[in-house]
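Reader: Hi! I'm new to this one, could you walk me through it?
Author: Happy to. Let's bring it up and start chatting.

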Amino acid sequence: MECRLFSILLFVAAAAGHTQLTNLTIAGRITNECIRPIMNWDGQTAPGFPIADGKFPNGVMGINYTCGWTDAPRSGAALPSAKVCEIAAGSTVRSSWWHGAGATEDPKVDSYIHNSHHGPFIVYMAKWDQNGGLPNGPAWFKIHESAILKDNREFWNVEWASPHGLNQNGGGLDVTIPEQLAPGRYLMRFEIIALHDTIKQPYVHCADVSITGTGSVQPTELISIPGTILVTDPGLTYDMYQLDNRPPYPIPGPRPYNFTAAASDTSMLTISIALTTLAVLFN
């Protein structure tokens, strides 16, 4: 009876636990104008549906994993946003998520995402100066990842970026734009992965942004989305319910790009070129 009840609870959580990116807070201003249109598998706009679940077990292998639902009649993620948001390199952006409380849910704890939906928060960027459309092939670099915020080893006491980080920050998860990033137009890709079910559930959204500043680093270690992360990725087969000898959670994808090291390499190259030029002039 207990096992059956637990299964029913998991089913209800899976059915009711959707979320979507609704706003960005940039330099104190709340906006949704640069978020790509949010569409679901049925062509509706809310609530947000995951890219992969029991209906779409191979969702991370398809184009919908890039920026959200793209296939007709679900198209939206490849459409241009209403505007391009300007963001200063080095500043922090808050992404605000909303689930919407159902009749049987407590709006105080389930407004952002269902409390069963434990998992990481990941942010990628890609150089992109077009209005609409999506990158094809290696284009993405990771700038942020967070998963287990507090690990007490006991399942019920482990705190994750989702839902605990969301609940603690009023539905917001923060990301800092690397100050060394070269200015220009980019796509920002925000992702929460809910690990509660056998088929892990990614919630993915993109925003069109323009980065300002004096940085000079343009990442060269790029990945393809979709293509790099597979359904067999350890971060998508992880058993968050394992009580004994639970291994650390392996966040999918590469580690965040090392902008500090890249900026140092750029500076050293600049110095080297300058010294070579002087040597030529004085010989």
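**A chat about the sheet and the disulfides**

Author: Let's begin with a pair of facing residues: in strand β6, K142 is the residue that stands opposite Y124. Keep in mind that this is a predicted model.

Reader: OK, and which strand is Y124 found in?
Author: Y124 belongs to strand β5. That strand is joined to β6 by six bridges, and the two run antiparallel.

Reader: Is Y124 buried or exposed?
Author: Buried: Y124 has a relative accessible area of 1%, and the cut-off for buried is under 20%.

Reader: How far is Y124 from M188, in sequence and in space?
Author: In sequence they are 64 residues apart, while their C-alpha atoms are 5.9 Å apart in space.

Reader: How do β5 and β10 pair?
Author: They pair in the antiparallel sense, over seven bridges. β5 covers residues 121-127, and β10 covers residues 184-194. As one example of a bridge, I122 has E191 in β10 as its partner.

Reader: How many residues of β10 are buried?
Author: Eleven of its eleven residues, so to speak the strand is mostly covered.

Reader: And what joins β10 to β11?
Author: A hairpin does, through six residues. The two strands run antiparallel with eleven bridges between them, β11 being residues 201-212. Among the facing residues there, I193 stands opposite P202 in β11.

Reader: Can we zoom out? In what order do the strands of the open sheet come?
Author: The order is β3-β11-β10-β5-β6, five strands in an open sheet with mixed pairing. At the edges stand β3 and β6, the latter being residues 140-146; each has a single partner strand, so one side of each has no neighbour in the sheet. From one strand to the next, the twist averages 35 degrees.

Reader: What do side chains do in a regular strand?
Author: They alternate between the two faces of the sheet.

Reader: New topic! How many disulfides does a search of the whole structure find?
Author: Two. One is formed by C34 and C85, with their sulfur atoms 2.3 Å apart. C34 sits in the loop between β2 (29-31) and α2 (64-67), and C85 sits in strand β3 (residues 85-88), so this pair ties together parts that are 51 residues apart in sequence.

Reader: Is that disulfide left-handed or right-handed?
Author: Left-handed, because the torsion about the S-S bond of C34 and C85 is about -95 degrees.

Reader: And are C34 and C85 buried or exposed?
Author: C34 is buried, at a relative accessible area of 0%. C85 counts as buried too, at 4% relative accessibility.

Reader: Which cysteines form the other disulfide?
Author: C67 and C206, whose sulfur atoms are 2.0 Å apart. C67 lies in helix α2 and C206 in strand β11, so the pair ties together parts that are 139 residues apart in sequence. This link is left-handed, with -80 degrees about the S-S bond.

Reader: How accessible are C67 and C206?
Author: C67 has a relative accessible area of 3% and is buried. C206 counts as buried as well, at 0% relative accessibility.

Reader: Last one: what pattern do the disulfides of the chain follow?
Author: The pattern is 1-3, 2-4, counting the bonded cysteines along the chain.

Definitions and conventions
Residues numbered from 1 in each chain as written. Predicted model: local features only at pLDDT ≥ 70, side-chain atom pairs only at ≥ 80, totals over all residues. Heavy atoms only, no water. Buried < 20%, exposed > 50% of the residue type's maximum accessible area, 1.4 Å probe, protein only. Helix = DSSP H or I, 4+ residues; strand = E, 2+ residues; numbered from the N terminus. Pairing = 2+ DSSP bridges. Disulfide = S-S within 2.5 Å. Axes fitted to C-alpha atoms, helices over the stretch in contact; angles between N-to-C directions.
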